[in-house]
Amino acid sequence: MGSLSSLKGKLVLLKGTLEKLVEIIFAIIVGFVIAGLMMYMGGFDPIKAYAAMFETSLSLTDPYYIAMTLSFATPVMLTALTFAIGVRAGLFNIGAEGQMYMGALGAVIVASWTLPGPLYLPLAFIVGSLLAAAWGLIAGLLKVLRGVNEVVSTIMLNWIAFWIVEYARVYVYPNPIDASKTISMPPPGRLPLLIRGTELSVSFIIAIITVFIVYYLLWHMVLGYEIRATGLNPTAARYGGINPKKTMLWAFIIGGIAAGLAGVSEITGRPPSYAITTGLSNLFGYGFDGIAVSLIGANHPLGIIPAAIFIGALSAGSRGMQTTAGVPLEMVKAVQGIIVWALAMPGLIRLIRRRMIRRRGVEL
Amino acid sequence: MPRNDTIVYMKDIVKVYPDGTVALRGVDFEVKKGEIHGLLGENGAGKTTLMKILSGLLRPTSGEIYIRGRKVHFKSASEALKHGIGMVHQHLALVPAFTAYENIILGLPGKVIDRKKIEELMETTGLKIPLDAKVEDLPFGVRQRIEILKMLYRNVDILILDEPTTNLTPIETKELFETLRNLKKQGKTIIFITHKLREVLEVTDRVTVLRRGRVVGVVETSKATPEMLAKMMVGREVVFRIEKKPARPGEPVLVVKDLWVRSDLGGWAVKGVSFAVYSGEIFGIAGVEGNGQSELVEAITGLRRVEKGQVILMGRDVTNKPPSELYRMGLSHIPEDRQKLGLVLDMTVAENSVLGIHRLKKFIGKLLNMKWKNINVHAKKIIERFEIVAPGVRAPARSLSGGNQQKLVVGRELSKTPVVIVAAQPTRGLDVAATEYIRKILIKMRDEGKAVLLVSADLDEVLQLSDRVAIMYEGEFMGIAKPEELTEEQIGLMMGGYHMDQLKNTSSNRKVLEAS
């Protein structure tokens, strides 16, 4: 009886996973078909474009391409964690973008100091992630103490962070040699490359480890239990002796650290600049891409890894689409957008529906 | 058979809900034109179901409805509205961000919108409201008037009010009754759903009393006495008796002193309640739902702010202490809503089995990690001991049936080895077997020397289980007594708002009561 019913439970679980998988495959097909139609109407050959995209992102002929894909995947994997932790706590934290800027700024601040070589890396990670966590905490405190909606506050904080960091780039930490960027991380503070001649560094491994730490935190630690309970049913969490406000603050802090790591790893582990470039161009957008990655990965840390690599491949492949298939950058961006949109939409709809149901106080 | 002045005639109405609950078992209901007709009954008597059928919100399983002598089949509320039937619900259906005027005209085609007509209507009915004020800024009583006006503007002449006085202050109630009498003078027919005896006696012309889906009687209000109505409302055959030994109460474990608590709407939900629960006894709180019981329980269990007064647990003042601290002291709380409060439905059975005790040393390791092995063993123990049917400890709580969900909550709460158990509606919605099971456990807990506070809207349950019982009405205790010392009539009277002091010697001295 017992084993039979547990088997039944496993079957139910398996069925759910299969359904998810079918959904994802269907979404990928829909995205590629629609984007392909668009390219066709624009006068380009979609088959050739997709072939070029694959060739320059996931093909094993040259490790350079895979390295490119994974180095694009690194920051979005981390910022996706920010969003995912938020969702688990019942929050819609879209502040990874700004928190990531702050993390990068922290690393640049450390780069500007004169330190014994081995201290650069640990200090860059500590200062960067603390600064990012503090930035996330602002939105958290606003929410918990004043009831400010985190969607609004994090969007605003993203732009505040943008201009603070941009100001710091120009006036506080300008590079004395190259005016288009900040002071670079000195060589002892740079993460070693995994493959020579590529952009892929140890930061990718740091990102993967962070994903597993967050997974462990959410599913195997008390705080994660409390975060998930709060996110799924704050009333029951309160009944269960959990302080939902405290839990939410932790979710903001941990999310901020993850986004901060993304910023720090761009400064310490991404050639060639090892610095913040004009208009934050080497950072801009990774925070928002993380939202898509998280949604595609079902807001689950372990789902985020393949999702980030997928998005990384789209980014890396965009170069091949331009050079080999002759698709202009604008069209490439639109193709990426459509594919991401098709993949992220089911998750986003589910999320919004759940929030609306909760606001009306109804359980389905 | 209906006569000429019959405006509503419902014949042999049966309603079985999709989940098998029988709400109405063949009800005949008749309302005369131009009367205020009371519909009286306890929770679950079927009052609201019957009126939802009349107003087109529900369809009867069988039975016939005649309006002004003509047979009707309503498919929706708007069809009933065309026949002049409108219902004002307990929870008002107004848009808070809109003005009163906007709410009244909401959904009407442009050509019938006429502000002058609304103003005239306000004049003739005496329903004065600030038309241009936003609804969210208005007190509940005014909102209700807007809702009534909205109905009248849609030419409703059979107005159904579902427990309209629940959220009103005494003055607002008086004004409402004035309005109702006024409307009656203008020829409107009003059906008034309530459980409050005083209000029935004050404002209605005739009363239909429902009990468990059946009509118990129809009486002219002028010929009715509170005792008679109370007995009709409550009197019932007891389904089964539970055997229990006499209680051996010990020390007072939970003491509540002059407790004042607010409702979500801001009014007083609990008004100076005092009592003590002793170890080894079950102290019951009876009463029609919505009379402050939920707020009282929440205040005692740390989930709602106490504005005034004290909660003392084992000699320590725990007023406004967080739940986690109360749990550590030995409080168990079986909440009234297992799905909203008691469980996180999307978490697993194992995860739910430790909710509230998840920080115990047994369940967490040095790294603040969850010891899943121990938690799973704990969950399995609860499943075994309480005979819970579950696909496994890793199945989501949502996949369990209602009865098994409740057993999981009860099992978890009792696994805390509590000193005090606060059980709110512990058997609501459960089948007979599960109900009996949980009741027996509560008695066992009592026999083991624990203090049990039982709050239930199920009168049978409170009276059978409790060693002492308090009857709550509008945030106050109408009296505390041993269940066997109370007659059905007395209980019904207290549930309907009469204080126990007023009831003394009711049989010998009826005048005292009538004078009050």
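**Reading the salt bridges**

Modeller: In this predicted model, the side chains of B:Glu289 and B:Arg428 meet in a salt bridge, 2.9 Å from N to O. The term means a side-chain nitrogen of Lys or Arg within 4 Å of a carboxyl oxygen of Asp or Glu.

Biologist: Which parts does the pair tie together?

Modeller: B:Glu289 sits in the loop between strand 13 (282–286) and helix 9 (293–300) of chain B, and B:Arg428 in the loop between strand 17 and helix 15 (432–447), so the pair ties together parts 139 residues apart in sequence. Helices (H or I, at least four residues) and strands (E, at least two) are DSSP runs, numbered from the N terminus.

Biologist: What conventions apply?

Modeller: Residues are numbered from 1 along each chain as its sequence is written, while chains are lettered from A and ligands numbered from 1 in the order in which they are written. The model is predicted, so local features need pLDDT of at least 70, side-chain atom pairs count only at pLDDT 80 or more, and totals for chains, interfaces and linings use all residues; side-chain values use heavy atoms, leaving out hydrogens and water.

Biologist: Is B:Arg439 buried or exposed?

Modeller: Buried means under 20% relative accessible area, exposed over 50%, partly exposed in between (1.4 Å probe, protein chains only). B:Arg439 is buried, at 5%. Its salt-bridge partner is B:Asp458, at 3.3 Å, N to O. B:Asp458 is partly exposed, at 29%.

Biologist: How many salt bridges are there over all chains?

Modeller: The whole structure has 35.
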